[in-house]
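Q: Please take me on a close look at one part of this model, strand by strand and residue by residue. After that, I would like to know how the rest is put together around it.

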Amino acid sequence: MIRRNLYIALAALVLVACAPKERDAVADGRLPDIYPDYVGVTIPVGIAPLDFSLKGADAVSVQLAAPDGTVLRSAGRVATRFSRKRWAQLVSRSAGDSLTVTVSGLFDGRWRRFAPFGIFVSPDAIDYGLAYRMLEPGYEIYSFMGIYERELGSFRQRALLENTQFDGCVNCHSFKRGDPSAMSLHIRGAHGATLLTRDGDLTAYNTKTDSTLGFCVYPYWHPSGRYIAYSTNSTRQSFHVQPDKLIEVFDLASDLQVYDTQANEIITAPQLKQPDVWETFPAFSADGRTLYYTAAARVDIPDGLPQSRYNLMKVSFDPETGSIGQDVELVFDAASRGRSASFPRPSYDGRFLMFTLCDYGTFPIWHHESDLWLLDLQTGEIRPVDEVNSADTDSYHSWSSNSRWFVFSSRRGDGLFTRLYIAHIDADGVAGKPFLLPQRDPQAYYTELFRSYNVPEFITGPVPFDRIRAQKAINSPERVPFGFRWSD
Amino acid sequence: MTKIQKFAGVLMTMLSAIAVYCFFAFKYPYHLHFQEQYQLFEFTWGYFLGVVSVPGGLADWAGRFLTQFFYYAPAGAAVFALLAVAAQWLTWRVCRRPTLTAYALSFLPAAALVVFFCDEHALAGGAVALLLSLAAVALSGRVCVDGRRHVLQAVLVPVLYFACGPLAVAYVLLTVWAEVLRCGRRALLAICVLLLLALLCPIVASRLVAYPLGRLCLGVHYYRYHNIVPGLLWAAALAAVCVPPLAGIRSRFLSSTPAGLGAFALVAALGVFFTFRASDASKEEWMRYDFMVRMEMWNRIMMTADVRNPDNPKTVSCLNLALAKTGRIADSQFEYFQNGPEGLLPEFVGDCTNPVSTGEIYWHLGMVNTAQRFAFEAQEAIPDFQKSARLYKRLAQTNIVNGDGAVARKYLQSLTHTLFYRRWARETLALLDAGDIFAHRPELALARDRRLKEHDFLFSASEMDSMLGLLKVENPANTMALDYLMAWCLLRKDLDRFAECIALVEAPAMPKAYQEALLLRWAQQHGSLEGMPPYLSMAHAQRLNRFILDMQAGKPEAELLRTYGNTYWFYYFYRYRSR
């Protein structure tokens, strides 16, 4: 028996001794083909470990080196698994400089060491986390979905509200500059409502009034927290027969309105409610004195759909009186370029405005050509954000509270399932290479994930949202009606 | 129980198992296929964790595990037979007085379960939950030391609630009853603890998982529709709770063999009566057609229709697809009952059933995007948020055809974790990797060739004829699109459009239904059949004349049906009258 065990131990020893060693790796001058592509990305201090896998490798071994010489190693058969604590220490030591990443992979029994690459660590802080909706990228019928928050410093995702709690779907959510205590959230379906949470108070509203087109749709909080700008849209869907495109989502009508949370009334003005103009996607400027939005001339649907092109517009707003200015102003004439603008999002420092540009229409997520564009509000310069755009859809975006980061949704991975990318942007508007929202085993996680991320918003802390209270409010028939008044 | 009684009991169990097996294997097999197609059971840790993370999740996972075998109806029937036998045996184990009558009564929960499973939306997880609860009663009863038993019983309440959901209440009630019998007043504290725990479990769960308290009290995954309480499952649980105390009644008569046999006969009669009452032959027929379409059994569909003419739009649409796939629709369509264009291309309905078989039609026509939409929508509409292996397969196919390989791979990767779709998925992935999938998968190559490439437009059910026409124009080999176009016009009674499209027909001989339609149009336009085109058959013309004369003579519809039921004229005047 002892002899047999000795033989087994010896055989194991021989096997281990004969196994290929990483230290014998052959140098490969190329950059490693890793998933997600973290080569050269810019990350914030406090981000969760950027674990990744090496395509085609039977095993991967990675060494991260900080500028001060501190080293962190991780190895795995499928993906790296950096220690969260040591990763955080390493990243914080590297702020303002780069981490050097050296990747080795086992291919056909031989180790190959790839050319090192850098990950730049920005000294600019990022917010606590993200809030987003997750749902299948479907057509008209919805299945399981929910609103979730994700802590950026870890892999923790928490459900705020899921549609297992009621019959219906959860829709656009919005925070006041990332303030988790001020949220607007729509519920659609049999228990339709708009939930507003402010400092622990939660109320379910009926946002449809006799004087407005319909329910409130796309929201944007005023920096003071007193007002929320909403669009109201009569939205329809149609489906392409050819494979290049799948879905068209369009409006048959749309208007803009501002909700005064103190007076509990909708304020609108004829210039934002023109019958021959479709106004949508409102967003307040950083000082709250301008309301940006997009607008298109009405066209016949469906024949005129390819000609429906939205321009970037603005109108003044007086936060003291809630008055909407008389004159609307063209900010960017997208239509004359044969393009259509959507999702205008001014940075909170007042310097930039980011928006999405596609060939036509108002729902860029289903347009492969959709890209992010940046308007410098100081110089008026407009340019595509080529540093982050991809060949596929790049669409919804949101600024961090310090305006140094933005998160955006992109279909660059597989052309259908939307994933979140975070990019740094400096004071001059130059963006860094974006990185995919980190997961513990990104390859497995994103392969097995059949839901898309939708409407990502930065949040500055955990959302104090009482799921059960919200569930009771949604399932109750009581709704507080909105009042209505015309702007002075 | 005497030896004879024991033998009688074993015989009863065997007979019941055989009866349940035969019912589901021969009378109700397509319900099993239907059940199977609305789930995607994956052998992955992530899937397991996802399912078991809600109260009742373990039972649900086990139920889904069993349901995957419904891919083969005999295996599914065997599963139901085993579940029924297990329910009976465990109920019997819980009974404290071993009489033949008790044995016969122990079939009641099993009978209720069988009736429950006649509903295509009943989920196997409910039965597993009841079985686990009964097993827990039997298990805890084996501990002789009171203190230890009470601790075990208390621990089992939250464990069972988490594993089985609210059906754990059956365990609580049976344990309370057993403890009353066993310890009398000494068990008061233990009973109070059990009842308190049973009350607390759903309340605590409502804080932990995103489900309303009501659903946590009635079951999250016992039935596909969450807003329907599965009454029969709860009836089975009630029977399981009531049978042991009833069986405990001391009576010489109840202990006798005749009483036992009589009780068995009564339970069996009730079971058979309610099972047949709960079974739905029309649904079974539609599911049969849907299954045959899924398996592309075109000739079998027509043979089935020859035995019994289908009459609801869903089954008729399956028959018409089979006729088109075998090239017989132009000649034979009106030999079968037709109920308008809905029986050719049913309109989209936002549920999980209708778009499945309708999507098959679009897939075979080459309208790949529409087939993809229907498959996706049907899956999204599955009320309990499960996924469908059948629809994943279709979505993988449509994405491959559309050139979206990355998306197709996602679906295929999931299918590689299943039992019955694994092989196909692995082969398809290998073919995708090799880059020659269209050479090895003719059905994909056909769909790729048939789909529209030059014309793009938004799908519109009201412009179906234009879409079908374009399919034929872009791909002249797509004769099925032409067949559907002509059939669409005929079924809508749009003879003008039919006449416009007839130029596309290149058949050596004009099909019967087309001749009948053209003759009718000629007669309507000219008042007689004189001067009709030479390619129209004189025999058909004479028959039309007779039909018109008989109709004008006021012959009843039933008589006309006997004589002219297989003609387009009869359809035109007596069917689809909503136009």
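A: Let's start with a term we need: two residues are in contact if their C-beta atoms, placed from the backbone, lie within 7 Å. Among the contacts in chain A between residues at least 6 apart in sequence, 58% join residues at least 24 apart. Please keep in mind that this is a predicted model.

Chain A has four helices and 35 strands. Its radius of gyration is 25 Å, close to the 23 Å that the globule rule gives for 488 residues, so chain A is as compact as a globular protein of that length. The C-alpha trace of chain A spans about 95 × 50 × 50 Å along its principal axes. Of the 488 residues in chain A, 47% are buried.

A residue is called buried here if 20 or more other C-beta atoms lie within 10 Å of its own. In a regular strand, side chains alternate between the two faces of the sheet. With that in mind, look at each face of S26(A) in turn. One side carries A:Phe352, A:Met354, A:Thr356 and A:Cys358, and the other carries A:Leu353, A:Phe355 and A:Leu357. These residues are all buried, which leaves both faces of the strand covered.

Next, the partners of S26(A). Strands of a sheet pair through backbone hydrogen bonds, either parallel or antiparallel. Strand S25 of chain A, residues 340-346, pairs with S26(A) in the antiparallel sense over five bridges. Within this pair, A:Leu353 of S26(A) has A:Pro346 standing opposite. The two strands form a hairpin with five residues between them, and A:Gly350 in the turn has a positive phi of about 80°. Strand S27 of chain A, residues 371-376, also pairs with S26(A) in the antiparallel sense, over six bridges. Here A:Phe352 has A:Asp376 in S27(A) as its bridge partner.

Other strands of chain A are arranged in open sheets. One has four strands in the order S12-S11-S10-S33, with antiparallel pairing. S12 and strand S33 (452-459) stand at the edges, each with a single partner strand, so one side of each is left without a neighbour in the sheet. Neighbouring strands of this sheet are turned by 25° against each other on average, direction ignored. Six bridges join strand S10 (residues 129-135) to the antiparallel S33(A), and A:Leu130 stands opposite A:Phe458 in S33(A).

A second open sheet of four strands in chain A has the order S29-S30-S31-S32, with antiparallel pairing. Its edge strands are S29 (394-399) and S32 (435-436), each of which pairs on one side only. Strand S31 (residues 419-424) of chain A and S32(A) pair in the antiparallel sense over two bridges, with A:Ile422 opposite A:Phe435.

Across in chain B, two helix pairs are worth a visit. The axes of H10(B) (residues 168-183) and H13(B) (residues 231-247) come within 9 Å and cross at roughly 10°, which means that H10(B) is roughly parallel to H13(B). In H10(B), B:Ala170, B:Leu173, B:Leu174 and B:Trp177 meet B:Ala237, B:Ala240, B:Val241, B:Pro244 and B:Pro245 in H13(B). The residues of this contact divide into nine nonpolar, no polar and no charged.

H3(B) (residues 45-52) and H4(B) (residues 57-67) pack at an angle of about 130°, with their axes 7 Å apart, and H3(B) is therefore oblique to H4(B). B:Phe48, B:Val51 and B:Val52 of H3(B) make this contact with B:Gly57, B:Leu58, B:Asp60, B:Trp61 and B:Arg64 of H4(B). By class, that contact has five nonpolar, one polar and two charged residues.

How values were computed
Residues are numbered from 1 along each chain as its sequence is written. Chains are lettered from A and ligands numbered from 1 in the order in which they are written. This is a predicted model: local features need pLDDT of at least 70, side-chain atom pairs count only at pLDDT 80 or more; totals for chains, interfaces and linings use all residues. A residue is buried if 20 or more other C-beta atoms lie within 10 Å of its own, exposed if 12 or fewer, and partly exposed in between; C-beta atoms are placed from the backbone. Two strands pair if DSSP finds at least two bridges between them. Axes are lines fitted to C-alpha atoms, for helices over the stretch in contact, and angles run from 0 to 180 degrees between N-to-C directions. Angles under 35 degrees count as roughly parallel, over 145 as roughly antiparallel, 65 to 115 as roughly perpendicular and the rest as oblique. Ala, Val, Leu, Ile, Met, Phe, Trp, Tyr, Cys and Pro count as nonpolar, Asp, Glu, Lys and Arg as charged, and the others, Gly among them, as polar. The radius of gyration is taken over C-alpha atoms; the globule rule is 2.2 Å times the number of residues to the power 0.38.
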